[in-house]
Amino acid sequence: MTDLARPQFERLWPTLLMSLTLPGAEQANAVLAPMLLAEDTGTEDLTVRYLDQDIFGQSHPAIGWLRQCCHKAVLDYAAELNMSYRPEFDIQGWANINRRGDYHNLHNHPHSWLSGTYYVQVPNQSGASRNRSDLNPGEISFFDPRPQANMNAVRDDGQFNPEYRRLPMPGELFLWPSFLHHLVHPNLVDEPRVSISFNVVLTRKVL
Ligand SMILES: [Fe+2]
């Protein structure tokens with residue numbers, strides 16, 4: 001068989017989701033959780049008005065630590081993409097406080113390159129009272145960005161399930177392309193679910 005007859009395969013338009021547990025997260029979260037909950041109590045609609053704030057502008061050492069970790073995560077993500085240059089970017093972040101019953105509806109993050117979330121406090125939902133068995137409290141779902149592609153997926157083709165769902169661990173950071181639709185399932189317990197989300201915006205045009 002000649003090389004010309006050998007089939008060629010291209011995996012086109014993959015979606016890269018990165019997750020890692022940040023070193024030092026336990027100590028940082030012990031400081032961040034009460035700080036963010038106090039901020040939420042003192043600010044009307046802190047989570048809803050996420051564009052009004054940039055949490056990374058705060059000078060608190062725990063925020064500085066997280067800013068550095070996010071910056072490194074973005075560079076690691078770019079390396080995994082095999083980018084031939086070092087991206088220049090701004091990161092804008094905000095706090096999310098989901099108290100009992102709170103959730104984030106399906107959305108993506110326009111005008112950004114990457115988006116991510118760092119998990120400060122993720123309550124155990126095993127004690128939550130449930131009316132039905134198919135609930136996934138506190139989890140985050142990501143959806144196949146190819147509209148309706150699951151209609152002709154074949155079982156075990158690796159792309160069969162249009163939903164990818166995770167229950168984050170406190171201290172984990174997730175990073176994904178901003179176009180990716182996602183939602184956060186309701187928190188069903190009294191302990192608040194606390195996270196910090198952020199957008200990564202490129203600042204230098206490189207084509
Ligand atoms: Fe989001």
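**Exercise 1. Two loop residues**

Asn82 sits in the loop between α2 and β2. Is Asn82 buried or exposed, and what is its phi?

Solution. The model is a predicted one, in which local features need pLDDT of at least 70, side-chain atom pairs count only at pLDDT 80 or more, and totals for chains, interfaces and linings use all residues. Residues are numbered from 1 along each chain as its sequence is written, and side-chain values use heavy atoms, with hydrogens and water left out.

- Step 1: Helices (H or I, at least four residues) and strands (E, at least two) are DSSP runs numbered from the N terminus.
- Step 2: Buried means under 20% relative accessible area, exposed over 50%, and partly exposed in between (1.4 Å probe, protein chains only).
- Step 3: Asn82 has a relative accessible area of 67%, so Asn82 is exposed.
- Step 4: The phi of Asn82 is near 60°, which is positive in a residue other than glycine.
- Step 5: His111 is not a glycine and has a positive phi of about 65°. His111 belongs to the loop between β3 (104-107) and β4. With a relative accessible area of 78%, His111 is exposed.

**Exercise 2. The iron site**

Which residues coordinate the iron ion?

Solution.

- Step 1: Donors are N, O and S atoms within 2.8 Å of the metal (3.2 Å for Na, K and Ca); water is not among the atoms, so sites may look incomplete.
- Step 2: The iron ion is coordinated by the NE2 atoms of His107, His109 and His182, at 2.1 to 2.2 Å.
- Step 3: Along the chain, the spacing of these donors is H-x1-H-x72-H.
- Step 4: His107 is partly exposed, at a relative accessible area of 25%, whereas His109 is buried, at 9%.

**Exercise 3. The helix pair**

At what angle do α1 and α2 pack, and which residues make the contact?

Solution.

- Step 1: Axes are lines fitted to C-alpha atoms, for helices over the stretch in contact, and angles run from 0 to 180 degrees between N-to-C directions.
- Step 2: The angle between α1 and α2 is about 125°, and their axes are 9 Å apart.
- Step 3: Angles under 35 degrees count as roughly parallel, over 145 as roughly antiparallel, 65 to 115 as roughly perpendicular, and the rest as oblique. The two helices, α1 and α2, are therefore oblique to each other.
- Step 4: Contact means heavy atoms within 4.5 Å. On α1 the contact is made by Ala25, Ala28, Val31, Leu32 and Met35, and on α2 by Ala62, Ile63 and Trp65.

**Exercise 4. The nonpolar cores**

How many residues does the largest nonpolar core have, and which element gives the most to this core?

Solution.

- Step 1: A nonpolar core is a set of buried Ala, Val, Leu, Ile, Met, Phe, Trp, Tyr and Cys residues joined through side-chain atoms within 4.5 Å.
- Step 2: The largest one has 37 residues, and Leu32, Leu36, Phe56, Tyr118 and Leu175 have the most contacts inside it.
- Step 3: Elements giving two or more residues to this core include α1 (25-42), α2 (61-80) and β2 (89-98). Of the elements, α2 gives the most, with 11 residues.
- Step 4: Beyond its neighbours within four places in sequence, Phe56 is in contact with residues including Ile63, Leu66, Ile91 and Phe198.
- Step 5: A second, separate core of 8 residues includes Tyr119, Val122, Phe142 and Leu180.
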